[in-house]
Amino acid sequence: MSASIEVREVNLRFGGVQVLDRVSFTVEPGTIHAVIGPNGAGKSSTFNVISGLYRPSSGSVLVDGVDVTQRRPHEIAGLGLGRAFQNIALVPHAPVIDNIMVGRHRLMRAGFLGSALGLPRVRREETAHRDRVVEIAEFVGLGGQLHAPAGSLSYGGRKKIELARALASEPRALLLDEPVAGMPAHEKREIAGVVRAIRDALGTTVLIVEHDMPLIMSQAERITVLDFGRVIADGTPDEIQQDPAVIAAYLGEDESEIDTEVMSQVGIEKEHRA
Ligand SMILES: Nc1ncnc2c1ncn2[C@@H]1O[C@H](COP(=O)(O)OP(=O)(O)OP(=O)(O)O)[C@@H](O)[C@H]1O
């Protein structure tokens, strides 16, 4: 149930701006792999290239060895690449379960007509899909809120719906874009647990972009660091914390914007700033 993702020498330009500059890294199957870097480093752009929303100027992306660079987003999703988006797009008045069912669409064969006519085969298929979606909802901790309107859940709860929706397509690799951004600590811990469980219990490869360093350092097995569209480091959390190029990248930001708390979380001591 796990796929590898290989990003090879990807260049991405918008007008005269080189957003990604020969970006290469490999996400091994069944690992939790993070992409980090200062604001504007190219993390979201990398995700957009992998999921087919942006076409690179050159270079390629392979999923399980299959070149997907020229494929459209839905085709890439069809190969088992799921994505939970940074900006939550839910139907607030619809129940939680219906919001998650949207993610199941890719796997459902019954057409609109069969559904509308209530054919027995179609009904059986829908029931099986719904049962699986209930399991997934329970897995992410939404079992008690299946019939609540999605908009009535806390921010963390709505993020769980996003996760469940991405999981509903039974992905072999899952891209998570800032899954804990803006959450209180207890919700962050809960989501971190779910991310770990997705990999441990389902075997899904997880590629994650996140600014929350404690989460990254504790969950990721491998980290790729981007700065100004380039890969400046790639390694284990321990290696990354000690890498001089990474330390310089985080210190190179405008002094007024340096988040000392983030720095200390990454393991960068104040002495390095002198
Ligand atoms: N569609 C686009 N058109 C033009 N420029 C873009 C586009 N998408 C991204 N960029 C530019 O590419 C650069 C990298 O942006 P990107 O959003 O990938 O960075 P990021 O590392 O995800 O940043 P953040 O941490 O702030 O989300 C930025 O300078 C951004 O303005």
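Let me begin with a term: two strands count as paired here if DSSP finds at least two bridges between them. With that in hand, here is a first example. Strands β4 and β5 form a hairpin with two residues between them, and D64 in that turn has a positive phi of about 50°. Two bridges join β4 to β5, residues 66-67, and the strands run antiparallel. If you want to find the spot on screen, look for V63, which stands opposite V66 in β5.

Before I go on, please keep in mind that this is a predicted model. The protein has eleven helices and ten strands. Of its 274 residues, 36% are buried. And if you take the contacts with a separation of 6 or more, residues 24 or more positions apart account for 68% of them.

Now, back to our hairpin, and the sheet around it. Four strands form an open sheet in the order β2-β1-β4-β5, with antiparallel pairing. β2 and β5 are the edge strands, each pairing on one side only. R13 stands opposite Q18 in β2. Helix α1 packs on this sheet, touching β1, β2 and β4, and its direction makes about 115° with that of β1.

Let me stop at one residue in this sheet, N11. N11 is found in strand β1, and it stands opposite S58 in β4. Is N11 buried, exposed or something in between? N11 is partly exposed, because 16 other C-beta atoms lie within 10 Å, and a buried residue would need 20 or more. Leaving aside residues up to four places away in sequence, N11 touches L20, D21, R22, P56, S57, S58 and G59. The C-alpha atoms of N11 and V49 are separated by 9.8 Å, although these residues are 38 apart along the chain.

What is the order of its six strands? This open sheet runs β6-β7-β8-β3-β9-β10, with mixed pairing. β6 (81-84) and β10 (230-235) stand at the edges with a single partner strand each, so one side of each has no neighbour in the sheet. From one strand to the next, the twist averages 20°. For those who like a reminder, strands of a sheet pair through backbone hydrogen bonds, either parallel or antiparallel. A parallel case here is β3, residues 32-36, which four bridges join to β8, residues 205-209. Within that pair, H33 stands opposite L207 in β8.

Two helices lie across this sheet's strands. Helix α1, residues 43-50, lies across β3, β7 (173-177), β8 and β9 (222-227), running at about 150° to β7. Helix α10, residues 244-251, lies across β9 and β10, at about 130° to β10.

Next, the ligand. Which residues surround the ligand? They are F14, V17, V19, G37, N39, G40, A41, G42, K43, S44 and S45. β2 (17-27) and α1 each supply at least two residues of that shell, and α1 gives the most, with three residues.

My last stop is helix α5, residues 120-139. Which way does α5 face? In α5, V133, I136 and A137 are buried. These three cover an arc of only 100° around the axis, which puts them on the same side of α5. On the other side, P120, R121, R124, T127, A128, D131 and E135 are exposed. What covers the buried residues of α5? The cover includes α3 (96-101) and α6 (155-167). After α5 comes G141, whose phi is positive, near 95°.

That's the tour, thank you. I'm happy to go back to any of these places on the screen.

Terms used
Residues numbered from 1 in each chain as written. Predicted model: local features only at pLDDT ≥ 70, side-chain atom pairs only at ≥ 80, totals over all residues. Buried ≥ 20, exposed ≤ 12 C-beta atoms within 10 Å, placed from the backbone. Arc of directions from axis to C-beta. Contact = placed C-beta atoms within 7 Å. Axes fitted to C-alpha atoms, helices over the stretch in contact; angles between N-to-C directions. Near = placed C-beta within 6 Å.
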